[in-house]
Amino acid sequence: MLTRRDVVKGIAAAMAGTLTPTAAEAQGRYVGSVVTRWNEDGRRMTLVNPFEYIDPSNVRWPVPAGTTVDGASIPRVFWSLIGGPFEGKYRNASVVHDFYCQVRTRPHVNVHRVFYDAMKTSGLVDRTSWLMYQAVAQFGPRWAAVKVDPKCEIVDENYDFAACSRNTAKPDVVMPALGEAELDAFLNTVESEAKPSDIEKLRAAARSR
């Protein structure tokens, strides 16, 4: 388990290369719209149509139809800030983030960063979206680099999600510890840049866990 010192060092390293919450909106764009249907379990949704995000570096992040998402790539305690990962303007960024946390064909640092870029493209340039990015960068899923089947490197309309999931040896996911000590260290580190109301919401959510 990570110590308090490890958490603080990790957050500082992650924040060193990030934009501040007041930075200008990214010049990314979406192709298509998120259209989903609820699954019978009432918790997960399946993408009906293909959807794509093109990030500020012009890197494509397609998500094929048939993808199932549930917001699990965002630590649940942070849902209290936005009502849920698929609420309002957070939906597009959350779908992209969820999918690439599932397939794990790109570095986790890039996948978490694209969550932030996509939020800004959606018009979310406030301190709450910045804090959500810091949360996934620190506590979101992590994995080692993986050699991907060449047929699965390009995610387009012909992408076979089921086959690629079966045949590509995806790296195991590591979830950083997120206990009371880790959350407290995180909040102490980001408090000066975050909204006081967001910090209070997270402290209240932590107390109710």
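Two strands count as paired if DSSP finds at least two bridges between them. Strands themselves are DSSP runs (E, at least two residues), numbered from the N terminus. On that basis, strand β3 (residues 45-47) pairs with β6 in the antiparallel sense, over two bridges.

This is a predicted model, in which local features need pLDDT of at least 70, side-chain atom pairs count only at pLDDT 80 or more, and totals for chains, interfaces and linings use all residues. Residues are numbered from 1 along each chain as its sequence is written, and side-chain values use heavy atoms, leaving out hydrogens and water.

**Sheet**
- Three strands form an open sheet in the order β2-β3-β6, with antiparallel pairing.
- β2 (36-38) and β6 (68-69) are the edge strands; each has a single partner strand, so one side of each lacks a neighbour in the sheet.
- T46 has T68, in β6, as its bridge partner.

**Confidence**
- The protein chain averages a pLDDT (the predictor's confidence in each residue, from 0 to 100) of 84.
- A pLDDT of at least 70 is reached by 83% of the residues.
- Residues 1-9 have pLDDT below 50, with 15 contacts (heavy atoms within 4.5 Å) beyond near neighbours in sequence.
- Residues 11-25 also stay under 50, and the model gives them 32 contacts beyond four places in sequence.
- Where pLDDT is low, the predicted coordinates should not be read in detail.

Note on methods: Helices (H or I, at least four residues) and strands (E, at least two) are DSSP runs, numbered from the N terminus.
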